[in-house]
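This report describes the fold, the core and selected local features of a single protein chain. The sequence and the model are shown first.

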Amino acid sequence: TGAAVDSAETAAMAFAQAKDSPTCRILLLSEQVEAWLGASVTAHRVAAEPPYIVTIESVWGPQGERKSLEALIYEAVGIRLVGNEAQNKQV
């Protein structure tokens, strides 16, 4: 089940209901809804509790530049992922 929202206020209400639902494990948000919810989404991601949030493009395409997985991890836990280029080279 889901909820269609058309404003920041209805998005905030639906987000609160989803967070409180014991059956909601993954929450799909459009980029616009994520922008409306702003700090609430960031705080929920940092808490690392279900429902886990996945942001998707809207039907009109991407709204802007999306954060990389590495950026989201750094935002959530303060750890930067660094690859070792020497390991990636084939001999």
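## A partly exposed glutamate and its salt bridge

E34 is partly exposed, with a relative accessible area of 22%; here buried means under 20% relative accessible area, exposed means over 50%, and partly exposed lies in between (1.4 Å probe, protein chains only). The side chain of E34 meets that of R45 in a salt bridge, at 2.7 Å from N to O. R45 lies in helix 3 (residues 39-47) and E34 in helix 2 (residues 31-37), so the pair ties together parts that are 11 residues apart in sequence. R45 is likewise partly exposed, its relative accessible area being 21%. The count comes to 1 salt bridge, under the rule that a side-chain nitrogen of Lys or Arg lies within 4 Å of a carboxyl oxygen of Asp or Glu.

I73 belongs to helix 4 (residues 69-77) and is partly exposed, at a relative accessible area of 26%.

## Basis of the model

The model is predicted: local features require pLDDT of at least 70, side-chain atom pairs count only at pLDDT 80 or more, and totals for chains, interfaces and linings use all residues. Residues are numbered from 1 along each chain as its sequence is written, and side-chain values use heavy atoms, with hydrogens and water left out.

## Overall architecture

The secondary structure of the chain comprises 5 helices and 2 strands, arranged along the sequence in the pattern α-β-α-α-β-α-α. Helices (H or I, at least four residues) and strands (E, at least two) are DSSP runs numbered from the N terminus.

Of the 91 residues of the chain, 20% count as buried. The chain exposes about 7000 Å², of which carbon and sulfur atoms supply 55%; accessible areas come from the Shrake-Rupley method with a 1.4 Å probe, and for residues only the protein chains shown count as cover. Among contacts with a separation of 6 or more, 64% involve residues 24 or more positions apart, a contact being heavy atoms within 4.5 Å.

## The largest nonpolar core

The largest nonpolar core has 10 residues: A11, F15, A18, C24, L27, L29, V33, L37, V41 and I53. Such a core is a set of buried Ala, Val, Leu, Ile, Met, Phe, Trp, Tyr and Cys residues joined through side-chain atoms within 4.5 Å. Helix 1 (8-20), strand 1 (26-30) and helix 2 each give two or more residues to this core, and helix 1 gives the most, with 3 residues. In soluble globular proteins, nonpolar side chains tend to be buried together.

F15, in helix 1, counts as buried at 5% relative accessibility. Neighbours within four places in sequence aside, F15 is in contact with L27, L37, S40, V41, H44 and I53; its C-alpha atom lies 8.9 Å from that of S40, 25 residues away along the chain. L37, in helix 2, is buried at 8% relative accessibility. With residues up to four places away in sequence not counted, L37 touches A11, A12, F15 and L29. The C-alpha atoms of L37 and E9 are 9.0 Å apart, although 28 residues separate the two in sequence.

Helix 1 has 13 residues and reaches 18 Å from its first C-alpha to its last, close to the expected 18 Å; the expected span is 1.5 Å times one less than the number of residues. A11, A14, F15 and A18 are buried in helix 1. They cover an arc of only 105° around the axis, which puts them on the same side of helix 1; the arc is that of the directions from the helix axis to the C-beta atoms.

The buried residues of helix 1 pack against strand 1, helix 2, helix 3 and strand 2 (52-56). On the face turned away from this buried side, helix 1 carries the exposed residues E9, M13, Q17 and D20.

## The loop between helix 3 and strand 2

Two backbone features concern this loop. A48 is located in the loop between helix 3 and strand 2, and its phi is near 55°, a positive value in a residue other than glycine. P51 lies in the loop between helix 3 and strand 2, and a cis peptide bond joins P50 and P51, with omega about 0°.
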